[in-house]
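Welcome, and please take a moment with the model before reading on. The notes after it are meant to be read with the 3D view open beside them.

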Amino acid sequence: MSAPGLPRRAVLLGGLGCALTACSASHPVARNFSSPSPSPTGSAFPAPSAWQPGPGELQPDVKLRAVQVVEAIGSWPPGGQGAAAAGQRVAALGLPAELAAQGGTLLADAPQAAVEVVYAQYGGLLSDSASVLVVCRQWLAGPDGAPQSAGTTVDVRLSQADPRWNVTALHSADPGPAAATLPDPATRVLAQPRIVLPPAAVADLRSGQVHDSALNAMLTLAGPYSFQVSVVRSGHPLMVFGTDRPSDHPLGKAFDTWQIDGHPVVDPATPTDLVDSFMRAAAAAGSYNVGGPRLLAGGRTANQFFSDPTHHDHVHAGFTI
């Protein structure tokens, strides 16, 4: 819950003074992961392009640093599996090799693998530290060599340093086992083509641990909008970054949206009216705490809307039980 007079998920920058940075690379287009992804046709193993920050990102090299570690751990040529080999790839980035051991499910026992980063979203951004949520899909070579689709979300922690930020820890998503039965809203969200969920979010819903209030809001928003979710429950910091307040995400009471009607929230070319209307629609659908790139006026309570640098790249919608 929000403390009186404070936004529920406000993250103070303490003088960061970031400016919008335009990069030449465009945002990758994410795929709909709500249904099992077909393996690529032909004998060639997938070779996805490395992720690059697009226009409008704050501190783009911080995100790139986090993504490069995940790509190094989760992609390898034939025979390159194992924590030791992953450690060598991480060390080649100028980072501690032991970080590779924190790769979680990215370190699958497969003879070959490839990672495609869907999006890298801030879980927190302060002047001297950051959390980057690297949402990714991974292909793993099966016994016959054919690629099998998997994926996860990794909360990459960083600290400020020159010339590049240091990666200090990785926390891989842990959605838990699938539930024997699912509530109707979860089943409907998983079947809704206008709601795109990455692999960790799909597993979150299948675990049965996402609250109906968040699921029903997704279904309501899928009427006027198609949107891509980045994070639901797992793969998100347990606490609101930089505070000792529990986040709504691990409780299954929040979801983040990084793309609306094909437009990344972070992109300066995305119509502001589109993002603002989505935020207001999320509030109308029951969210008590809606964050995004701009602070909106109005709301049922004084703190229903909030904005800070962490939420410059996505829309957060939090719910109560």
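This is a predicted model: local features need pLDDT of at least 70, side-chain atom pairs count only at pLDDT 80 or more; totals for chains, interfaces and linings use all residues.

Residues are numbered from 1 along each chain as its sequence is written, and side-chain values use heavy atoms, with hydrogens and water left out.

**The sheet**

Let us begin with the strands. Helices (H or I, at least four residues) and strands (E, at least two) are DSSP runs, numbered from the N terminus, and two strands pair if DSSP finds at least two bridges between them. Four strands make an open sheet in the order β1-β2-β3-β4, with antiparallel pairing. β1 and β4 are at the edges and have a single partner strand each, so one side of each is left without a neighbour in the sheet. On average, neighbouring strands are turned by 25 degrees against each other, direction ignored; axes here are lines fitted to C-alpha atoms, for helices over the stretch in contact, with angles from 0 to 180 degrees between N-to-C directions.

The antiparallel strands β2 and β3 are joined by 13 bridges. They form a hairpin with 5 residues between them, and G145 in the turn has a positive phi of about 90 degrees. Along this pairing, R137 stands opposite G151 in β3, and the bridge partner of A141 is P147. Moving on to β3 and β4, also antiparallel, we find 6 bridges and a hairpin with 6 residues between the strands. Here V156 stands opposite L170 in β4.

Two helices meet this sheet. α1 lies across β1, β2, β3 and β4 and runs at about 145 degrees to β1. Helix α4 (residues 199-206) packs on the sheet too, touching β2 and β3, with its direction at about 100 degrees to that of β3.

**Two cores**

A nonpolar core is a set of buried Ala, Val, Leu, Ile, Met, Phe, Trp, Tyr and Cys residues joined through side-chain atoms within 4.5 Å. Buried means under 20% relative accessible area, exposed over 50%, and partly exposed in between (1.4 Å probe, protein chains only). The largest such core has 36 residues, and V132, V134, V156, L158, V167 and L170 have the most contacts inside it. At least two residues each come from α1 (60-74), α2 (83-91), β1 (113-125), β2 (129-141), β3 (147-159) and β4 (166-172). The most come from β1, which gives 7 residues.

Contact means heavy atoms within 4.5 Å, and beyond its neighbours within four places in sequence, L158 is in contact with residues including V62, A66, V132, W165 and V167.

A second, separate core has 35 residues, among them A201, A217, F227 and A282.

**Aromatic pairs**

Which rings come together? Rings of Phe, Tyr and Trp (its six-membered ring) pair if their centres lie within 6.5 Å; planes under 30 degrees apart count as stacked, over 60 as edge-to-face and the rest as tilted.

| Pair | Centre to centre | Angle between planes | Class |
|---|---|---|---|
| W51 and Y119 | 6.3 Å | 75 degrees | edge-to-face |
| Y225 and F278 | 5.2 Å | 75 degrees | edge-to-face |

W51 lies in the segment before α1 and Y119 in strand β1, so this pair ties together parts 68 residues apart in sequence. W51 is buried at 2% relative accessibility, and Y119 is buried at 1%. W51 and Y119 also form one aromatic cluster with W258.

Y225 sits in the loop between α5 (212-221) and β6 (227-231), and F278 in helix α6 (residues 272-284), 53 residues apart. Y225 counts as buried at 9% relative accessibility, and F278 is buried at 1%.

**An enclosed helix**

Finally, have a look at α5. Of its 10 residues, 7 are buried, so this helix is largely enclosed by the rest of the structure. The buried residues are S213, A214, L215, A217, M218, L219 and L221. They pack against α3 (184-191), β5 (195-196), α4, β6, β7 (254-260) and α6.
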